[in-house]
Amino acid sequence: MDMIMTIKGKVKFPITLDVGSWIFDDRRVDLDTYFSEEEKQERLTESATTVSKHWDRTVKEGAIPPQKTRKRYEKAKMLTSTFAIKLAPFLENAEPTPDASILVFETDSEDVSIPLEEGYNILVQFSNKGKALKEDGPVYILFPDGSNLDQPIKNVKAFRVE
């Protein structure tokens, strides 16, 4: 199965995406907890306080080297969790043209279209319980509210901006 996808169409820069590398991307989100109410509230407050907490800790304690137990925990988490990544940074880097208004998910059976503005909020699931989505992947499309979590858009092979 091909783990390479593209963002193409009415974009200034067509982009090639390697889905297999996303497991190492710090922007990935853990879908096992992402849609819980606690996690939603935490994300809202986290973005406002992350930088200041890091700055305060660095000033008080200095740089702290990574701990082996944390590395072990992160490795175990990567091997057992379900992950997705937001599509927004990739769409932004592709720079859709001003006349673009639709985002199309090209699948094996049919193309699924949504307004481009909604596309910036889409989650792209790339793993399930630590495994790549080989059967009906390489990615699934999830709406930001989790309404299609049980029935995601599957067999997505490319993104096309129209």
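Visitor: Which residue forms a salt bridge with Asp111?

Guide: In this predicted model, Asp111 is bridged to Arg160, with 3.3 Å between the closest N and O atoms.

Visitor: Which residues are linked with Asp111 and Arg160 in a network?

Guide: Lys8, Glu106 and Glu162 join Asp111 and Arg160 in a network of salt bridges.

Visitor: How many salt bridges does the whole structure have?

Guide: The search returns nine salt bridges. One of them pairs Asp136 with Lys154, at 3.4 Å from N to O. This pair also links distant parts of the chain, since Asp136 lies in the loop between strand 9 (131–132) and strand 10 (139–142), while Lys154 lies in strand 11, 18 residues apart.

Visitor: And what is the relative accessibility of Asp136 and of Lys154?

Guide: Asp136 has 18% and therefore counts as buried. Lys154 has 33%, so that residue is classed as partly exposed.

Visitor: Which side chain meets Asp25 in a salt bridge?

Guide: The partner is Arg27, at 2.7 Å from N to O. Asp25 is buried because its relative accessible area is 16%, whereas Arg27, at 43%, counts as partly exposed.

Visitor: Changing topic to the rings: how many aromatic pairs are there?

Guide: Four aromatic pairs are found in the whole structure. Among them is the pair of Trp22 and Phe126, which is edge-to-face, with 5.8 Å between the centres and 70 degrees between the planes.

Visitor: Why is the pair of Phe83 and Phe126 stacked?

Guide: The planes of Phe83 and Phe126 meet at 15 degrees, with the ring centres 6.4 Å apart, so the pair is stacked. The cut-off for that label is an angle under 30 degrees. Phe83 lies in strand 4 (residues 83–86), 43 residues from Phe126. Phe83 is itself buried, with a relative accessible area of 2%.

Visitor: Which residues form the aromatic cluster?

Guide: One cluster is formed by Trp22, Phe83, Phe90 and Phe126.

Visitor: What sits over the ring of Phe83?

Guide: The charged end of Arg28 does, 4.9 Å from the ring centre.

Visitor: Which residues does Gln125 touch?

Guide: Leaving aside residues up to four places away in sequence, Gln125 touches several residues, including Phe83, Leu31, Thr82, Ala84 and Tyr140. Gln125 is placed in strand 7 and is buried, with a relative accessible area of 6%. A polar atom of the Gln125 side chain lies 3.1 Å from the backbone oxygen of Ser127.

Visitor: Where does Ser81 lie?

Guide: Ser81 lies in the loop between helix 3 (68–80) and strand 4. Its relative accessible area is 6%, so Ser81 is buried. With residues up to four places away in sequence not counted, Ser81 touches Asp30, Asp32, Ser127, Asn128, Lys129 and Gly130.

Visitor: What about Asp108, buried or exposed?

Guide: Asp108 counts as exposed, at 54% relative accessibility. Asp108 lies in the loop between strand 5 (102–107) and strand 6 (111–115). Its C-alpha atom is 7.0 Å from that of Val156, although the two residues are 48 apart along the chain. Asp108 also touches Asn155 and Lys157, not counting residues up to four places away in sequence.

Visitor: Finally, how many helices and strands does the protein chain have?

Guide: The protein chain has five helices and 11 strands. Buried residues account for 36% of its 162 residues. Of the contacts between residues at least 6 apart in sequence, 65% join residues at least 24 apart. The accessible surface comes to about 10300 Å², and carbon and sulfur atoms hold 52% of that area.

Notes. Residues numbered from 1 in each chain as written. Predicted model: local features only at pLDDT ≥ 70, side-chain atom pairs only at ≥ 80, totals over all residues. Heavy atoms only, no water. Phe/Tyr/Trp six-rings, centres within 6.5 Å; stacked < 30°, edge-to-face > 60°. Helix = DSSP H or I, 4+ residues; strand = E, 2+ residues; numbered from the N terminus. Buried < 20%, exposed > 50% of the residue type's maximum accessible area, 1.4 Å probe, protein only. Lys NZ or Arg CZ within 6 Å of the ring centre and 35° of its normal. Contact = heavy atoms within 4.5 Å. Areas by Shrake-Rupley, 256 points an atom, 1.4 Å probe, with all protein chains shown as cover. Polar contact = N/O pair within 3.5 Å; in protein donor to acceptor, adjacent residues only side chain to side chain. Salt bridge = Lys/Arg side-chain N within 4 Å of Asp/Glu carboxyl O.
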